[in-house]
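Good morning, and thank you for coming. Please look at the structure on the screen while I go through its pockets and one group of helices.

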Amino acid sequence: MQDGLENLDEDLSGLKPPQWKARMAALAEEHGMYQPLGDKHFATFIDQGNTLLVTFETMQGIHNLSDQAQPLGFDLVKNLGWSHMCVVSDGDTWFREGRIYGFFDQLIDDGFFDEFDNVIFYGAGPCGYAAAAYSVASPGATVVAVQPQATLDPRMTEWDDRFTENRRLSFTDRYGYAPDMLDAAGQAFVIYDPYERLDAMHAALFARKNVTRLRATNMGGAVQTRLIEMEMLYHILSLAGSGKLTDAAFYKLFRSRRNNSFFLRNLLGRLEREDRGVLMALLCRNVTERMRAPRFRRRLEEMKKRAESGEFRIPEKR
């Protein structure tokens with residue numbers, strides 16, 4: 001814990017939204033800055049070290065993902081001494097709001113981002129879109145975006161039918177098309193599950209020389225949640241802040257999926273749909289040797305019976 005930051009350990013989970021917002025404002029003003037940005041958005045800034053993490057988060061996501069209802073960046077502030085700016089929305093707005101444009105314009109004019117040695121932008125889903133789009137305010141920054149949308153402009157992504165109620169939002173004015181906004185980034189990393197078809201299609205739109213697309217296979221439609229469960233997200237952002245995040249480093253961390261029940265169930269389900277008997281047997285054998293998993297044990301017995309009937313042969317353990 002960095003000196004003077006003890007109150008960042010405060011549990012905010014029991015507060016109602018107006019109280020929570022007021023307490024967030026008080027904490028930010030004590031350690032840096034609070035900026036209201038209209039009815040649905042605000043920004044907080046905790047001023048600490050020479051590395052700045054900029055996160056885009058929703059109020060609902062903060063409460064769902066944190067036991068203490070704290071923004072994702074607070075742990076990095078407390079443990080690594082980073083500075084942290086959090087831009088918060090009430091609901092999924094994709095941060096398409098003139099006051100937010102003006103806020104980042106003012107930060108640029110003030111040379112705010114120039115005061116830091118390293119700047120990292122982070123977000124997931126609609127917040128991942130925003131992290132990519134607003135990163136243009138800090139040329140050379142590193143961007144980590146989980147399942148980001150490139151745009152909701154129906155002329156570009158009419159194939160995405162998930163957010164039809166938000167298509168009236170303008171994605172063609174300032175800070176608009178997220179992949180283009182990454183042209184000024186030093187490095188960007190887009191994390192997604194290639195089996196989530198619409199997410200994969202958006203990820204393809206981010207193809208740039210400075211963008212590394214990281215495939216988090218069988219993580220489903222809530223990749224950020226899975227990364228937090230596997231205690232990966234903190235390490236990913238830490239590596240990004242030190243310039244050490246690479247595809248090799250990511251996939252080394254991603255080995256922790258071997259102990260994640262969601263991943264294992266998702267993988268088993270895919271093998272079942274494809275009727276890959278040998279692979280199902282090998283997966284179930286591996287899991288039951290390492291974990292208490294009744295479902296996998298039952299399925300292993302089924303695969304052994306199918307193998308005994310001559311349907312396929314299960315390789316011997318090496």
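The second largest pocket has a lining of 9 nonpolar, 4 polar and 2 charged residues. In this classification Ala, Val, Leu, Ile, Met, Phe, Trp, Tyr, Cys and Pro are nonpolar, Asp, Glu, Lys and Arg are charged, and the others, Gly among them, are polar. This is a predicted model, in which local features need pLDDT of at least 70 and side-chain atom pairs count only at pLDDT 80 or more, while totals for chains, interfaces and linings use all residues. Residues are numbered from 1 along each chain as its sequence is written, and side-chain values use heavy atoms, with hydrogens and water left out.

The volume of the second largest pocket is about 150 Å³. Of its 15 lining residues, Phe113, Asp114, Val119, Ser138 and Pro139 are the closest to its centre. Helix α4 (98-109) and strand β5 each contribute at least two residues to this lining. Helices (H or I, at least four residues) and strands (E, at least two) are DSSP runs, numbered from the N terminus.

A word on terms. On a 1 Å grid over the protein atoms alone, a pocket is an open set of points with protein on both sides within 12 Å along at least five of seven lines, whereas a cavity is a set of points where a 1.4 Å probe fits but cannot get out; lining residues have an atom within 4 Å of a point. Grid points are joined across faces, edges and corners, and a volume is the space filled by probe spheres set on the points.

I turn to the largest pocket, with a volume of about 870 Å³. Which residues lie nearest its centre? They are Leu65, Leu72, Gln224, Ile228 and Leu233, out of a lining of 40 residues. Helix α9 gives the largest share of that lining, 5 residues. By class, the lining comprises 20 nonpolar, 12 polar and 8 charged residues.

There is also 1 cavity of 30 Å³ or more. Leu152, Thr157, Asp160, Phe163 and Arg167 line the largest cavity, and these are 2 nonpolar, 1 polar and 2 charged residues.

Axes here are lines fitted to C-alpha atoms, for helices over the stretch in contact, and angles run from 0 to 180 degrees between N-to-C directions. Angles under 35 degrees count as roughly parallel, over 145 as roughly antiparallel, 65 to 115 as roughly perpendicular and the rest as oblique.

The axes of α12 and α13 cross at roughly 160° and come within 9 Å, so the two helices are roughly antiparallel. Their contact (heavy atoms within 4.5 Å) joins Leu264, Leu267, Leu268, Leu271 and Glu272 of α12 to Leu279, Met280, Leu283, Cys284 and Val287 of α13. That contact has 9 nonpolar residues, no polar ones and 1 charged.

Between α12 (residues 261-273) and α14 the axes cross at roughly 25° and come within 11 Å; the pair is therefore roughly parallel. Here Leu264, Arg265, Leu268 and Glu272 of α12 meet Arg295, Phe296 and Arg299 of α14. The classes in this contact are 3 nonpolar, no polar and 4 charged.

The remaining pair is α13 (residues 277-290) and α14 (residues 294-308), packed at an angle of about 140° with axes 9 Å apart. These two helices are therefore oblique to each other. Their contact has 8 nonpolar, 2 polar and 4 charged residues.
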